Amino acid sequence: MIKEVIVVEGRDDTVAVKRAVEADTIETGGSAINSRILKRIALAQERRGVIVLTDPDHAGERIRKIIANKVPGCKHAFIPEEDATRKGDIGVENASPEAIRKALSRVHTSYEGAESLIGMEDLMEAGLLVHPDAAHRRMVMGNLLGIGYCNGKQFHKRLAVFQITREEFADALAQLEQEGES
């Protein structure tokens, strides 16, 4: 049984999570997250902790940001888009139990106001900004680090918020470069 309550978008996501792990969930009802749901999430965070596991798409990111702003200290788990896509549909409900367990094993706690250990110049040198293949490289790095895909500015912020170390960053970059050669 996972101690924290897992926040998902809908009923199908709950079914997928319960196929993968024994856990309690709170469903946001999609992007129409309201103050009543946010109060339930805040109570769960206070009592047991919360893991946010939303779809790897724009709506899922929007929900994740709303929760992070209203309920500080939540943990975040990210499923890579390719592991959550079936027949063109993106969502937690499409992820295999293994993909869900892997995402939950790589949870990151948000720490707003944290200093970034990796600078923008590091991102440029790594080809994650101002590079013809920057978006793809950020997607791979985000998946390797377990922080999901986002644009360059958000990627830099997530590195800070989730306190990704220089060593973790270097290891992921080495893996990216190695996979790129194969």
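Reader: Which residue lies over the face of F78?

Author: A charge counts as over a ring if NZ of Lys or CZ of Arg is within 6 Å of the ring centre and within 35 degrees of the ring normal. Here R64 lies over the face of F78, at 4.0 Å from the ring centre. This is a predicted model, in which local features need pLDDT of at least 70 and side-chain atom pairs pLDDT 80 or more, while totals for chains, interfaces and linings use all residues. Residues are numbered from 1 along each chain as its sequence is written, and side-chain values use heavy atoms, with hydrogens and water left out.

Reader: How many aromatic pairs does a search of the whole structure find?

Author: A pair of aromatic rings is described by the distance of the centres and the angle of the planes. Rings of Phe, Tyr and Trp (its six-membered ring) pair if their centres lie within 6.5 Å; planes under 30 degrees apart are stacked, over 60 edge-to-face, and the rest tilted. The search of the whole structure finds one pair. The ring centres of F78 and F162 are 5.9 Å apart and the planes are at 80°, so the pair is edge-to-face. F78 is in the loop between β4 (75-76) and β5 (85-86), and F162 in the loop between α7 (152-161) and α8 (166-181), so the pair ties together parts 84 residues apart in sequence. Helices (H or I, at least four residues) and strands (E, at least two) are DSSP runs, numbered from the N terminus.

Reader: Are F78 and F162 buried or exposed?

Author: Buried means under 20% relative accessible area, exposed over 50%, and partly exposed in between (1.4 Å probe, protein chains only). Both F78 and F162 are buried.

Reader: Which residue meets R64 in a salt bridge?

Author: Side chains of opposite charge can pair when their charged atoms come close. A salt bridge needs a side-chain nitrogen of Lys or Arg within 4 Å of a carboxyl oxygen of Asp or Glu. R64 meets E61 in this way (3.7 Å, N to O). Both residues sit in helix α3 (residues 58-70), three residues apart, which means that about one helical turn separates them. R64 is buried, with a relative accessible area of 4%, and E61 is buried at 16%.

Reader: With which other residue does E61 form a salt bridge?

Author: With R158, the closest N and O atoms being 2.1 Å apart. This pair links distant parts of the chain, as E61 is in helix α3 and R158 in helix α7, 97 residues apart.
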